[in-house]
Amino acid sequence: MTSKQEEYNLVVVGGGAAGLVSAYIAATLKAKVALIEKHRMGGDCLYTGCVPSKALIKTARLVHQIRRHKDFGIKSAHCELDFSEVMERVQSVIKKIEPHDSVERYTGLGVECIQGEAEFIDAHQVKVNGRILKTRNIILALGASPLIPNIPGLDQVPVLTSENLWDLRKLPAKLLVLGGGPIGCEMAQTFQRLGSAVTLVEAGPRLLPKEDPDVSDLIAAQFQKEGITLHLGTEARAATRPAGNPCMTCQTAAGQSLDIPFDAVLLAVGRRANTRQLDPSRLNIELNPNGTIRVDPYMRANGQNIFACGDVTSALQFTHVASHQAWYCAVNALCAPWKKFKADYRVIPWVTFTDPEIAQVGHNEQSAQEAGIPYERTIYQLDDLDRAIVDGDDLGRIKVLTEPGKDKILGANIVGSHAGELISEFTTAMKRGLGLNDILGTIHPYPTFSEANKYVAGNWKRDHAPEKILNWLEKYHGWRR
Ligand SMILES: Cc1cc2nc3c(=O)[nH]c(=O)nc-3n(C[C@H](O)[C@H](O)[C@H](O)COP(=O)(O)OP(=O)(O)OC[C@H]3O[C@@H](n4cnc5c(N)ncnc54)[C@H](O)[C@@H]3O)c2cc1C
């Protein structure tokens, strides 16, 4: 058990989003905290995830806009891409953000930052660089890594993952993307726009299976319009090199064999928690069948003093979810045994940065149906929105689910330009118990995309107009004429 002689209140292992936020909160609460990171502070989000992907997406969107010049009355516009420069820009973006997550910053905040690989001796001792840290609590923020599928011959062909993609300096002429989830979709569209001929192979029947089918269909149609070759319901079976050129042999849902030649294959078929080096029995923790760490509603992994957060635990692998969980880990660790808080997952937004963007908070139709939750659906199409028409960016719609007969929001799904920004109004509304009437009664500046939130609320109101009162008013005004 713990004793007063222990060196630390908290040792955090992993310096990605989850670990950084845990350590930050602990230091703010004046705890003695050590943060151990074996590679780079900032983790996946900064170096191989959100930041580089969104930086690359920015360039690809710009290229796409330039190609659309005629839509805006511009006779000629030419863009010549230097892919190597594009990738250097990605690195310079990382460099600019790096100080936010740096050892210097965290040391200044009161966190002892230790560079090294942590080993776990028991529930109160962590070894790093030959030194043993004794601690009352441990937070496991070990992250996840790209899943490498078991496809024969993969070791014979040029393979990219979200780890090494950012080292590319030559654009692959033919890029094969395996996986139609958010990472596969974001990168397929990006590389197609940058000039690769992209083929996307997805084993399931549609892209983005967590989305409602209408979203998958809209994105698939947009991808095909942009020239991406889609093979849905198709499984990659073997990588070969006939005549020296990489090729993927796939099997379609109909059982046909399909050979897809490529220059590089991007694996985006999922991520696996970094728990392979972990001996769960030493810490008295359990792993789920997919390798993630099992936690209780208080984010405890051993029911006591070991906590876990971020991608190492989560089905929702997002930076903001990692930070959200980190708060519960740090606060529950440091407030025990006096107070503890259950992690609240009711209102979690997320965004897939395809073009158009897809943003979600709460339930979509698919998850509501799976959970057996009754709902009403209200839709507003963006091709009706003045600002979207002005910008030539009117593809998409807002879909809101409400409790039957009430304006209480169960979830919102936005497909369209700025969806990632627009979703926050619904997130706040859900978090604070505001309904569609509140959004409708709020002034939104004209002409903005945010008006779409008000208009979807207006559509709901129209569908729930008080018919009896309106009939009475009609008679009243008739009598007054
Ligand atoms: C291509 C891509 C795009 C993404 N885009 C988005 C996005 O737009 N928005 C979003 O919200 N999320 C996005 N994500 C997901 C996001 O990056 C992750 O959810 C987030 O980084 C998880 O943070 P984490 O702290 O749990 O893990 P990580 O960032 O992986 O950090 C874990 C850290 O633990 C360290 N570590 C592991 N074991 C040890 C040990 N034994 N000793 C010491 N250190 C150790 C690792 O070196 C690593 O730095 C994206 C991911 C990818 C791959």
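This is a predicted model: local features need pLDDT of at least 70, side-chain atom pairs count only at pLDDT 80 or more; totals for chains, interfaces and linings use all residues.
**Entry 1: the ligand**

I started with the ligand and asked which residues surround it. I found 36 residues in the shell, and the closest are E37, D44, K54, D311 and T319. Sorting the shell by residue class gave me 13 nonpolar, 15 polar and eight charged residues.

Next I looked up which elements supply the shell. Helix 1 (17-28), strand 2 (33-37), helix 2 (43-47), helix 3 (50-67) and helix 9 (319-335) each give at least two residues.

Then I turned to backbone contacts with oxygen atoms of the ligand. At D311, a backbone N or O atom lies 2.8 Å from a ligand oxygen. For A17, I noted 3.1 Å between a polar backbone atom and an oxygen atom of the ligand. Q317 also has a polar backbone atom at 3.4 Å from a ligand oxygen. How much of the ligand does the protein cover? On its own the ligand has 1000 Å² of accessible area, and the protein covers 92% of that.

I moved on to an open sheet of three strands, which run in the order 12-13-14 with antiparallel pairing. Strand 12 (234-240) and strand 14 (257-261) are the edge strands; each has a single partner, so one side of each has no neighbour in the sheet. From one strand to the next, I read an average twist of 30°.

I took the pairings one at a time. Strand 12 pairs with strand 13 (residues 247-252) over six bridges, in the antiparallel sense. In this pairing, A238 stands opposite T249, and T240 has C247 as its bridge partner. Strand 12 and strand 13 make a hairpin with six residues between the strands, and there A243 has a positive phi near 55°.

Strand 13 and strand 14 are also antiparallel, with five bridges. Which residue of strand 14 is the bridge partner of C247? I found P261. The hairpin of strand 13 and strand 14 has four residues between the strands, and G255 in the turn takes a positive phi of about 90°.

**Entry 2: aromatic pairs**

I searched the whole structure for aromatic pairs and got seven. I looked at F318 with W350, which is a stacked pair, 5.8 Å centre to centre with 15° between the planes. Where in the chain do the two residues sit? F318 is in the loop between strand 17 (306-308) and helix 9, while W350 belongs to strand 18 (residues 349-352). The pair links distant parts of the chain, 32 residues apart.

**Entry 3: backbone features**

I then listed exceptions. The peptide bond from D355 to P356 is cis, with omega near 5°; P356 lies in the loop between strand 18 and strand 19 (357-362). The bond from Y446 to P447 is cis as well, with omega near -10°. I placed P447 in the loop between helix 13 (436-440) and helix 14 (451-463).

Lastly I checked M299, a residue other than glycine with a positive phi, near 70°. M299 sits in the loop between helix 8 (280-283) and strand 17.

Terms used
Residues are numbered from 1 along each chain as its sequence is written. Side-chain values use heavy atoms; hydrogens and water are left out. A residue is near a molecule or strand if one of its heavy atoms lies within 4 Å of it. A polar contact is a pair of N or O atoms within 3.5 Å; within protein, one must be able to donate a hydrogen and the other to accept it, and residues adjacent in sequence count only if both atoms are side-chain atoms. Accessible areas come from the Shrake-Rupley method with a 1.4 Å probe; for residues, only the protein chains shown count as cover. Ala, Val, Leu, Ile, Met, Phe, Trp, Tyr, Cys and Pro count as nonpolar, Asp, Glu, Lys and Arg as charged, and the others, Gly among them, as polar. Two strands pair if DSSP finds at least two bridges between them. Axes are lines fitted to C-alpha atoms, for helices over the stretch in contact, and angles run from 0 to 180 degrees between N-to-C directions. Rings of Phe, Tyr and Trp (its six-membered ring) pair if their centres lie within 6.5 Å; planes under 30 degrees apart count as stacked, over 60 as edge-to-face and the rest as tilted.
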